[in-house]
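Open the model in your viewer and keep the sequence panel beside it. The tour below says what to select at each stop and what is there.

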Amino acid sequence: MPKVRIVMGSDSDLKVMSKAAAILEKFGIEYEMTIISAHREPDVFFEWAKSAEKDGVKVIIAGAGMAAHLPGMCAALVPIPVIGVPISGSNLDGQDALFSIVQMPPGIPVATVAIDGGMNAGILAAKILAVSDMELLEKLKQYSKEMKETVQAKADKLDKLGYEAYMSSK
C-alpha cells in the first residue's frame with residue numbers, strides 16, 4: 001500500500017515530479033504517481049483525494065504550475081500532510097504557482113518547497129514519515145552523512161588542485 005501519493009496536473013510536470021519519486025524509491029518508500037486535472041476533471045480529483053485517508057496514504061505531494069490549485073485543493077479535502085511543488089514553465093517562471101501554493105487561507109496549510117523542488121518534496125515526505133519509522137530515520141541520517149561527505153570531497157579537491165585545475169577536471 002503506497003504511503004505517498006504524487007499528483008500533478010499535466011505530464012509536462014513529470015520532469016520535476018519524477019525527482020520526488022526517485023527520492024522515495026531511494027528510501028524504499030512505496031508511492032503512486034498520477035496525473036489529474038482539478039480544473040478539467042474535478043469529479044475524478046475529488047474522489048482521488050478523498051480516498052487517500054482510507055487507502056492508508058500518509059503524505060500527498062502535489063505539483064502544479066500557473067494557477068496551482070491542486071496542492072491547495074488536496075489540503076482542503078484531506079486531513080493528511082500535503083507538500084506543494086510549484087512548477088515553472090509559465091510566463092512567470094513558477095512564481096505564480098509559488099505564491100498560489102504558499103498563500104493558503106488559515107486552516108488549510110500546504111508545506112511548500114522551492115519552484116521545481118521535486119527532490120526536496122520527496123525528502124520532506126520521507127522526513128514526515130520518519131517521525132514514526134526509525135528505520136527510515138536512520139536512512140535519512142545516512143543520506144545527510146553522504147551529502148556532507150560529497151561536499152567535503154569537493155572542497156578537498158578544490159583545495160588540492162586550485163580553481164583552474166578543478167574546473168578543467170570536471
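Within what distance do the axes of H1 and helix H5 come, and at roughly what angle do they cross? Select residues 14–26 for H1 and residues 118–130 for H5: their axes come within 6 Å and cross at roughly 35°. Axes here are lines fitted to C-alpha atoms, for helices over the stretch in contact, and angles run from 0 to 180 degrees between N-to-C directions. Helices (H or I, at least four residues) and strands (E, at least two) are DSSP runs, numbered from the N terminus.

This is a predicted model, in which local features need pLDDT of at least 70 and side-chain atom pairs count only at pLDDT 80 or more, while totals for chains, interfaces and linings use all residues. Residues are numbered from 1 along each chain as its sequence is written, and side-chain values use heavy atoms, with hydrogens and water left out.

**Stop 1: H1 and H5**

Stay with the two helices. H1 passes H5 in a right-handed crossing. A crossing is right-handed if the near helix is turned clockwise from the far one by less than a right angle, and left-handed if anticlockwise. On H1, show Val16, Lys19, Ala20, Ile23 and Leu24; on H5, show Gly118, Met119, Gly122, Ile123 and Ala125, which together make the contact. Contact means heavy atoms within 4.5 Å. The residues of this contact of H1 with H5 divide into 7 nonpolar, 2 polar and 1 charged. Ala, Val, Leu, Ile, Met, Phe, Trp, Tyr, Cys and Pro count as nonpolar, Asp, Glu, Lys and Arg as charged, and the others, Gly among them, as polar.

**Stop 2: H5 and H6**

From H5, Met119, Ile123, Ala126, Lys127, Leu129 and Ala130 meet Leu136, Leu137, Leu140 and Tyr143 of H6. That contact of H5 with H6 has 9 nonpolar residues, no polar ones and 1 charged.

**Stop 3: the sheet**

Now select the strands. What is their order in the sheet? The 5 strands form an open sheet in the order E2-E1-E3-E4-E5, with parallel pairing. Two strands pair if DSSP finds at least two bridges between them. E2 and strand E5 (111–112) stand at the edges with a single partner strand each, so one side of each is left without a neighbour in the sheet.

Gly84 stands opposite Thr112 in E5. Helix H3 packs on the sheet, touching E1, strand E3 (59–65) and E4, and the direction of H3 makes about 150° with that of E3. Helix H4 (residues 95–102) also packs on the sheet; H4 touches E3, E4 and E5, and its direction makes about 160° with that of E4.

Move to strand E1 (residues 4–8) and strand E2 (residues 31–35), which pair in the parallel sense over 5 bridges. Arg5 stands opposite Glu32 in E2.

**Stop 4: H2 and H3**

Select helix H2 (residues 42–50) and helix H3 (residues 69–77): their axes come within 9 Å and cross at roughly 50°. The crossing of H2 and H3 is right-handed.
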